[in-house]
Amino acid sequence: MHTKNNTIYILYGSETGQSQNYANELSYILRYHHHQTIVSTLDDFNLRSIIDIKYLIVVCSTASQGELPRNATQKFWKFMVKKKLPSILLNNLQFTTLGLGDSSYSQFNFAIRKIHARLLQLGGKELCGRAELDELFAGRGKESAFRIWCDEVVSSLDKHIGINEAPIDNEVLLEPEWIVQIDRNSDEVVTKEHELEVAVTRYTKTPNNSQKNQTVPTDQKQNQTHHLLQITENQRLTSKEHFQDVRRLVLKNVSNSPLLPLQNYEPGDMLEIIPFNDPHDIEMLLKWQPEWYKVADLPLKIILNPKLNRKTVLDSTIQTPNSLISTPVEPLTLRSLLTHHIDLTHPPTRLFFNKLYHFSKDEREREKLKEFAGLSPHNYSINSKGFKERNYDADDELLFEYAIKPHRSVLEVLLEFDSIKIPVEFVLELFVGLGLMLN
Ligand SMILES: Cc1cc2nc3c(=O)[nH]c(=O)nc-3n(C[C@H](O)[C@H](O)[C@H](O)COP(=O)(O)O)c2cc1C
């Protein structure tokens, strides 16, 4: 039975978006198994609610030197390491964890190991064991490890919550969580040709509540200025064969305000680069979906799907229910949403294909997309007990060979499939989890 108590909280810590994507994929799978889920960054979760929730899944990568990612350290980890927390704090909590790391680093998956150990120390009980994904095995077992762990999570949750129904048929497209609502009565607004300025001003705007609470001292915030820099040199330092692409960039200040004198910078300082998509790509994408093109420059709003009745749950536990986009570009239109908030260069993920195939009108294209979604009717093998079993490794290889190995972007994939028609309301839902540009 569904109650608010049975909601599964999937909280992620992510530096470059992979954990965010896995958190969203897990949520999508659980929704097909009749579970209610909430996905949020670890830092956006209202920690006072942690004693009230029953089911928690943490998905977290390890950033440099075994550290947690930035969206998990400001509040979540600071709270978790408090010495005065009682060892019975999480006695009512059932949890499990998923780590993302790379075994070429000496501190492989340290962040999730620390989180998992601390949750146990505070009284949490394991729903099932932790899984640790290894970037070094992308295309050679990483995806299958994820899906095997998902199966364990599903069966453990089904038992705990008492769900006996068969999963929802994968031909059914789930309701989107977030809806793009176009104001069709309004006049068109100008969102073309200002991409650079828009990108910079978005970050100098007053942040919304989620950022106000962060621990950056006010005086420091006021001193933060964003500059428009031009790349004048871009040289790869690692050899072409090496798996890591380390570069030396020379940047020239082309904005009106001067940069701070050199002595103000120290080793370890970071440069934040605000990306946006090439306006020509956006034009191509809009023309690929003529229904999008017609409304591309009308103002839009992003709303939580009222049919899912999520607002009450979100309000009490996630501090910023509308934090999907915390500093939206202004004016927000389909064109500016696609330009500034969606990473079209991101490699397509299984979750992306999982949503995409529903919009294909052509049987052959649809079958192809289903293969990449890991739903091909052919990838089964017979296990030692004589039962039909999904061949996750074969699914993994298909996705790897088509998308990951040749570095295909979501934009390239979309343009390859002619028969797809995506309702404009669904645009955001399709891309959620692909990179962190949304925030
Ligand atoms: C600068 C940097 C440092 C990293 N340090 C570690 C590390 O210490 N241990 C580890 O297991 N993985 C490390 N990784 C690998 C990431 O955890 C891995 O690529 C992960 O999939 C990233 O997930 P995210 O996009 O959710 O942050 C590092 C990656 C980068 C780019």
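The largest nonpolar core holds 43 residues, and I10, L11, L56, I57, V58, V59 and C60 make the most contacts inside it. (A nonpolar core here is a set of buried Ala, Val, Leu, Ile, Met, Phe, Trp, Tyr and Cys residues joined through C-beta atoms within 7 Å; buried means 20 or more other C-beta atoms within 10 Å of a residue's own, exposed means 12 or fewer, partly exposed is in between, and C-beta atoms are placed from the backbone.) Keep in mind that this is a predicted model: local features need pLDDT of at least 70, side-chain atom pairs count only at pLDDT 80 or more, and totals for chains, interfaces and linings use all residues. Residue numbers start from 1 along each chain as its sequence is written.

Setting aside neighbours within four places in sequence, C60 touches Y12, G13, S19, L68, P69, A72, G99, A111, I112 and I115, contact being C-beta atoms, placed from the backbone, within 7 Å. There's also a second, separate core of 32 residues, I179, I282, L298 and V432 among them.

Now for α5, which runs over residues 142-161. Its buried residues are E143, F146, W149, V153, L157 and I161. Looking down the axis of α5, these fall within an arc of 125 degrees, so they line one face of the helix; the arc is that of the directions from the helix axis to the C-beta atoms. Just past α5 comes G162, with a positive phi of about 80 degrees.

On to the ligand. Of the 22 residues around it, E15, T16, S19, S61 and G101 come nearest (a residue is near if its C-beta atom, placed from the backbone, lies within 6 Å). The elements giving two or more residues to this shell are α1 and β4.

The E330 to P331 peptide bond is cis, with omega near -10 degrees, and P331 sits in the loop between α11 (311-317) and α12 (334-340). H34, in the loop between α1 and β2 (37-41), has a positive phi near 70 degrees; H34 counts as partly exposed because it has 16 C-beta neighbours inside 10 Å. H407 has a positive phi near 55 degrees and counts as exposed, with 9 such neighbours.

Terms used:
Helices (H or I, at least four residues) and strands (E, at least two) are DSSP runs, numbered from the N terminus. The expected span of a helix is 1.5 Å times one less than its number of residues. Two residues are in contact if their C-beta atoms, placed from the backbone, lie within 7 Å.
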